[in-house]
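Dear colleague,

I am handing over the structure below, together with some notes on what was found in it. Please read the notes with the structure open beside you.

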Amino acid sequence: MFNAMNTDSSFRNLKVWQYAMALAEDLYRVTKTFPAEERFGLTSQLRRAAVSVPSNIGEGKRRKRQKALAHHLDIALGSQGELEVQLEIAKRVGLLKVADYERLQQQTEEIGRMLNGLISSIQDQSDD
């Protein structure tokens, strides 16, 4: 059977993409409980940042050059940082339960570590 996609190079095989997708799903579930007046505020900001992380990983992985991949991973890392701040704000203003905050923050930090590691490995390869 013909397979047009090389699964070895698919973004879907990257653990960081899988974790980022799980975080986005979790965040969508949690933000459903936010008040309606936050729909265009923090709810939207959190969701956009969470969606941006796996989206940029996927887009970068589809690019042909390592430099482009590194650039998109850097954007994903920026969105991850944005998400950390927004989670902190949501906790401080009482929108997030402590247990939800701790779980989401832990997931977000782990994704940041993974992205940093992946970016470093790409940069190390380009130094060769």
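The helices α2 and α3 are roughly antiparallel to each other, a label given to angles over 145 degrees, whereas angles under 35 count as roughly parallel, 65 to 115 as roughly perpendicular and the rest as oblique. Helices here are DSSP runs of H or I with at least four residues, numbered from the N terminus. This is a predicted model, in which local features need pLDDT of at least 70 and side-chain atom pairs count only at pLDDT 80 or more, while totals for chains, interfaces and linings use all residues. Residues are numbered from 1 along each chain as its sequence is written, and side-chain values use heavy atoms, with hydrogens and water left out.

The axes of α2 and α3 come within 8 Å and cross at roughly 160°, where axes are lines fitted to C-alpha atoms over the stretch in contact and angles run from 0 to 180 degrees between N-to-C directions. Their contact (heavy atoms within 4.5 Å) divides into 15 nonpolar, eight polar and three charged residues. In this grouping Ala, Val, Leu, Ile, Met, Phe, Trp, Tyr, Cys and Pro count as nonpolar, Asp, Glu, Lys and Arg as charged, and the others, Gly among them, as polar.

Gln86 is found in helix α3, which covers residues 66-92, and Gln86 is buried, with a relative accessible area of 7% (buried means under 20%, exposed over 50% and partly exposed in between, with a 1.4 Å probe and protein chains only). Leaving aside neighbours within four places in sequence, Gln86 is in contact with Leu42, Gln45, Leu46 and Ala49, and the side chain of Gln86 reaches the backbone nitrogen of Leu46 at 3.5 Å.

Turning to the other pair, the axes of helix α1 (residues 15-31) and helix α2 (residues 42-62) come within 9 Å and cross at roughly 165°, which makes α1 roughly antiparallel to α2. By class, the contact of α1 with α2 has 13 nonpolar, three polar and one charged residues. Among the residues that meet there are Ala24 and Leu27 in α1 and Ala50 in α2.

Ala50 counts as buried, at 3% relative accessibility. Apart from residues up to four places away in sequence, Ala50 touches Ala24, Leu27 and Leu83. The C-alpha atoms of Ala50 and Glu25 are separated by 8.7 Å, although these two residues lie 25 residues apart along the chain.

Key: Helix = DSSP H or I, 4+ residues; strand = E, 2+ residues; numbered from the N terminus. Polar contact = N/O pair within 3.5 Å; in protein donor to acceptor, adjacent residues only side chain to side chain.
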